[in-house]
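Take a walk through this structure, one part at a time.

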Amino acid sequence: MLKVFTSIGNYVMLMRRVFTHPQKRGIFWDQMLTEVNNLGLESLGIVAFISMFMGAVVAIQTAYNIDSPLIPMSMVGFTVRQSVILEFSPTVISLILAGKVGSRIASEIGTMRVTEQIDALEIMGVNSANYLIFPKIIASMLINPVLIVFSMWLGILGGWGAMTATGLVSTNDYVQGLRIDFEGYTIFYALTKTVFFAFIIASVSGFYGYITRGGALEVGQASTKAVVFSSVIIILFNLVLTQLLLT
Amino acid sequence: MIEARNIDKTFGEHHVLKNVSCNFDKGKTNLIIGQSGSGKTVLMKCLVGLFEVDQGTVMYNNRNFTRMNFEQRKTLRREIGMLFQGGALFDSMNVEQNVMFPLNMFTNQLLEEKRERVNFVLNRVNLENVNRLMPSELSGGMRKRVAIARAIAMNPQYLFCDEPNSGLDPQTSGVIDHLIQEITLEYNITTIVNTHDMNSVLSIGDSVAFIYKGELWWQGDKETILDTENPELNEFVFGTELTSRLKK
């Protein structure tokens, strides 16, 4: 238990060093744009692939379970929309990003630590925590919502594609279902969660990378810890944020 | 001048540095020598603040480094250049970007001025036409020289070199040693070199501090080190086949 509190304390102290004015704004912007590409745009492929197929699977499962003539087939579109927007895109895709982006951040910073590159930054008088972690956090918080909106759109498209291909639900019914009782607030809720999750992924992974000591083995361990703890914290915060935003 | 006064450092129950006091003079190549695990790297990291000392003080020209806060240290560190054992070049940057990094961070020079300075320091370490190469494309000796170029790009007052010859052949080691000594004299800076290479000691050791089991065991220079009666130092100095044969 003491270890948990020590880690939380160290995390908070590191974040105090991260959230300071960057040494040079120009360098910060350059780095942030690089990270938008590295952490966000390079994840487009996996996000697109998973979203399309998950949307399709949700649509097929819903259609398969509707066996009462009293339930209209438009419910398939409604169910796909609600599950994709409320939970699948913001939470599941964030968990996938925690694996992909989190391990990348932790191993990159961890390797810099064990090869003394972070010491070199410190010796030059650079706030290494701010220089390395801050652009990643800001880039993730900016690009992840874009990825999630893209994921929502593809998830719904995947559902429509599956229904069209199998002929289970007509396009008219599917689109009608998508429009039933739509509330714009659900998008706000999903994107708010996404921004929180993006912060968790980048900051927790940055923390585990930054505190790495040793060699290649420890970098691997840091990477694993970053993914595990980011995922666990995302799941916990998902419950808290859902309670706060939807009730 | 850098002064280390009564430095103590422990890691858990391992007492690594025991009451170490020594001075490192300006315009000289000051060597810290000792066996692997004797505590010389820890001492160097205490001097630059990468490790916090448990007791004692580190003074940079009468400025108490150990009492400085984070911001004050950041400012002082702009006067420090350091060459790490593996070079510690930034993997994601090419040679030019590595050397230009401190100039980008701390100066408002135009790109052309920075390029000029980069080319000057790269020339100074005898490297040409390597600006676009990545660190992974360089040999061990070239990486060390790029790291020296980066360390001197900002005209430091203090230069720290942690085992600059590790992993290098004797000839390249000699080149690096002489480069360090030339830079020290040329810019009149305080240079501290960690090494266990006796060739380095005999060629550039203006001042030599021998650390043995975490204690300062002997201080002298390259002229006096061969005549010492200190048994532990003798064992270190004449520990290799070559030096023991020469002694005979």
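This is a predicted model. Start with chain B. Its secondary structure comes to nine helices and 10 strands. The C-alpha atoms fill a box of roughly 55 × 45 × 30 Å along the principal axes of chain B. How does its radius of gyration stand against that of a compact globule? For 248 residues, a compact globule would have a radius near 18 Å, and chain B has 18 Å, so the two agree. Buried residues account for 42% of the 248 residues in chain B. Take the contacts in chain B between residues at least 6 apart in sequence: 66% of them join residues at least 24 apart.

Now the sheets. Strands of a sheet pair through backbone hydrogen bonds, in either a parallel or an antiparallel sense. One open sheet in chain B has six strands, in the order β6-β7-β8-β3-β9-β10, and its pairing is mixed. Its edges are β6 (80-83) and β10 (215-220) of chain B, each of which pairs on one side only. On average, neighbouring strands of this sheet are turned by 20° against each other, direction ignored.

Look inside this sheet at one pair. Strand β7 (residues 158-162) of chain B runs parallel to strand β8 (residues 190-195) of chain B, and five bridges link them. Within the pairing, D162(B) stands opposite N194(B) of β8(B).

Stay on β8 of chain B, where T190(B) has its place. Is T190(B) buried or exposed? T190(B) is buried, because 24 other C-beta atoms lie within 10 Å, and the cut-off for burial is 20 or more. Beyond its neighbours within four places in sequence, T190(B) is in contact with M1(B), I2(B), F24(B), D25(B), K26(B), Q157(B) and Y158(B). D54(B) makes a separate reference point. From T190(B) to D54(B) is 136 residues in sequence and 24 Å in space, C-alpha to C-alpha.

The other sheet to visit is an open one of four strands in chain B, ordered β2-β1-β4-β5, with antiparallel pairing. Here the edge strands are β2 (14-24) and β5 (63-64) of chain B, and each pairs on one side only. Strand β1 (residues 2-11) of chain B pairs with β2(B) in the antiparallel sense over seven bridges. F11(B) stands opposite H14(B) of β2(B). A helix covers part of this region. Helix α1 (residues 40-48) of chain B lies across β1, β2 and β4 (55-60) of chain B, and runs at about 120° to β1(B).

Move to chain A for a helix pair. Two packed helices are described by the angle and the distance between their axes. For helix α4 (residues 75-114) and helix α9 (residues 216-246) of chain A, the axes come within 8 Å and cross at roughly 145°. The crossing of α4(A) with α9(A) is right-handed. Their contact has 10 nonpolar, 12 polar and one charged residues.

Finish where the chains meet. How many residues does each chain give to the contact? Chain B gives 15 residues and chain A gives 14 residues. On the side of chain B, the elements that give two or more residues are α2 (70-77), β6 and α3 (95-106) of chain B. By class, this side of chain B has nine nonpolar, three polar and three charged residues.

Note on methods: Residues numbered from 1 in each chain as written. Chains lettered and ligands numbered in written order. Predicted model: local features only at pLDDT ≥ 70, side-chain atom pairs only at ≥ 80, totals over all residues. Rg over C-alpha atoms; globule rule 2.2 N^0.38 Å. Buried ≥ 20, exposed ≤ 12 C-beta atoms within 10 Å, placed from the backbone. Contact = placed C-beta atoms within 7 Å. Pairing = 2+ DSSP bridges. Axes fitted to C-alpha atoms, helices over the stretch in contact; angles between N-to-C directions. Left-handed = near helix turned anticlockwise from the far one by under 90°. Nonpolar A, V, L, I, M, F, W, Y, C, P; charged D, E, K, R; others polar.
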